[in-house]
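Here is a short briefing to read alongside the model. Take a moment to bring up the sequence and the 3D view, and then follow the topics below.

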Amino acid sequence: MKKFITVLISIVVTTILIFGLFNVSENKTIEPVRNLSYESNEEIKPYIDKFFRDLNNHGLTPVIPQDFIVKFSDLESHKNTSHTHGISFGYKDDDRVEIYINKNSWNSFNKTQKYYIVYHELSHDILNLDDLNDLDENYGDIMYPYISKYDVLKMNDFIINMKLLFDSL
Amino acid sequence: MIYYRFILVFLFMTFNCIGQRVSDDHLKKISKELRKEFTGLVIDQSTGLRGRGVISFGRKLILQYDVPENWYPFDDLKQVLVRNLIDNGNEKMYINGEIDLGYYYYKNNKLIKSISIDWEEFDKLRFTLGEFIELTNHPKSNGLEIKLKRPLGWEVREGDGPHIVKKFVNEQKIYLMYVKEIGQFVSKDEVNSFFKNDSDVKEFILGMIGKNGDDFKVKNQKVVTIENYPFLYFSDNVAKERMGIEVKGVQHYWISFLEDQMIYFMGSSLSNEDYYNDFYKITNSIKLLNQY
């Protein structure tokens, strides 16, 4: 019994530590990213509107939280996000959508990649979907983690994969 | 190309009232009159091109130029001249008058370049496509990445309706591009499937042109490929009253669903002549930049 209690306490402490570390890590990242962000409504909004339109077309009507931020941020200027095209902080938090998209990546992306990154990040925060593994079989999928590899894909690829994802939910 | 404009304006004023074949003697008289204005005139200050003289020889009107030491003709000078004449709509007076053209260029009193254009060449090249009109960033293109060529001599106009992106207009002929959001993305396969369903297609066409099945027979309806993408082609007869007279014509449509937009290209003319070939050539120049 004593051994069981010791193990239980160890598990609880470890869990607290892990979550604590995660929060510290997130806080270390989120503040600089927030500080590096700026209003981007005009450019990103049409993509966001189409994401919700397409969800609706597939019979998916998630509640949109009040705390809803999708902005550009100079992610390259911060060491933790210097190689990140987009980052979301609302995954598994239904009260928050907080997404920052690397402005330099955005400018270098073609139209298809722009759709992919917005739908990818919103799928994290709105649909609580996680990244897929970097496997060939996942290439083309909305939740594939490397949008930069999608520079050869066309809008038709995006449309097919968007429908596959939303149909699967 | 200042010198072309000068010559064209002058000749247009001279030939405007003719509109039919001029006699050789009349052409000689015109060349004499033109010579007075043309000789010694700086035609293009940037290149130093000067008018040297104008002569006529049979049915040919020859414009002579003095060029400076550092002037060299373009390799495609003839094409440039022909395209400019067509683009300004001035080829018609040479066709109507059955007048051939000659352009002679002299350097230090020595002929260094001559170009001949037979009036019949203009007739063959009358419908020639010009440069691409880029519509990708046009606000009415709704994000579609697209460009197409305008025909030389046709006026390019902004669309006057809410979804009409551009219009090419030439006399009674109009060619336009229309884009409208449809509220959902469609894939190429879905478009292909839709076009294979005859009853859906018929209903769609009837809805689009606002006719009912009784008074409309879809003509030449077929699925064609434009830039690797399926489009539905069909034509429709139109009739309009003008000054108490009924004028009939044909409208040609190439229509599809691309991304989340309905897009069509329509060529129409209110005349007894069907300009399908001209409209086909414009449509064939379309580049859908996200397809490759």
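A:Phe109 sits in the loop between helix H3 (103-108) and H4 of chain A; helices (H or I, at least four residues) and strands (E, at least two) are DSSP runs, numbered from the N terminus. This is a predicted model, where local features need pLDDT of at least 70, side-chain atom pairs count only at pLDDT 80 or more, and totals for chains, interfaces and linings use all residues. Residues are numbered from 1 along each chain as its sequence is written, while chains are lettered from A and ligands numbered from 1 in the order in which they are written.

**Around A:Phe109**
- A:Phe109 is buried because 20 other C-beta atoms lie within 10 Å (buried takes 20 or more such atoms, exposed 12 or fewer, partly exposed in between, with C-beta atoms placed from the backbone).
- Leaving out residues up to four places away in sequence, A:Phe109 touches A:Lys114 and A:Ile117 (contact: C-beta atoms, placed from the backbone, within 7 Å).

**Helix H4 of chain A**
- In H4(A), 14 of the 15 residues are buried, so the helix is mostly covered.
- The end C-alpha atoms of H4(A) (residues 111-125) are 22 Å apart, which agrees with the 21 Å that its 15 residues should span at 1.5 Å a residue (1.5 Å times one less than the number of residues).

**Where the chains meet**
- The contact takes 10 residues from chain A and 10 residues from chain B.
- On the side of chain A that touches chain B, H5(A) gives the most, with 5 residues.

**Chain B**
- Chain B has 8 helices and 14 strands.
- Of its 292 residues, 29% count as buried.

Note on methods
Two residues are in contact if their C-beta atoms, placed from the backbone, lie within 7 Å.
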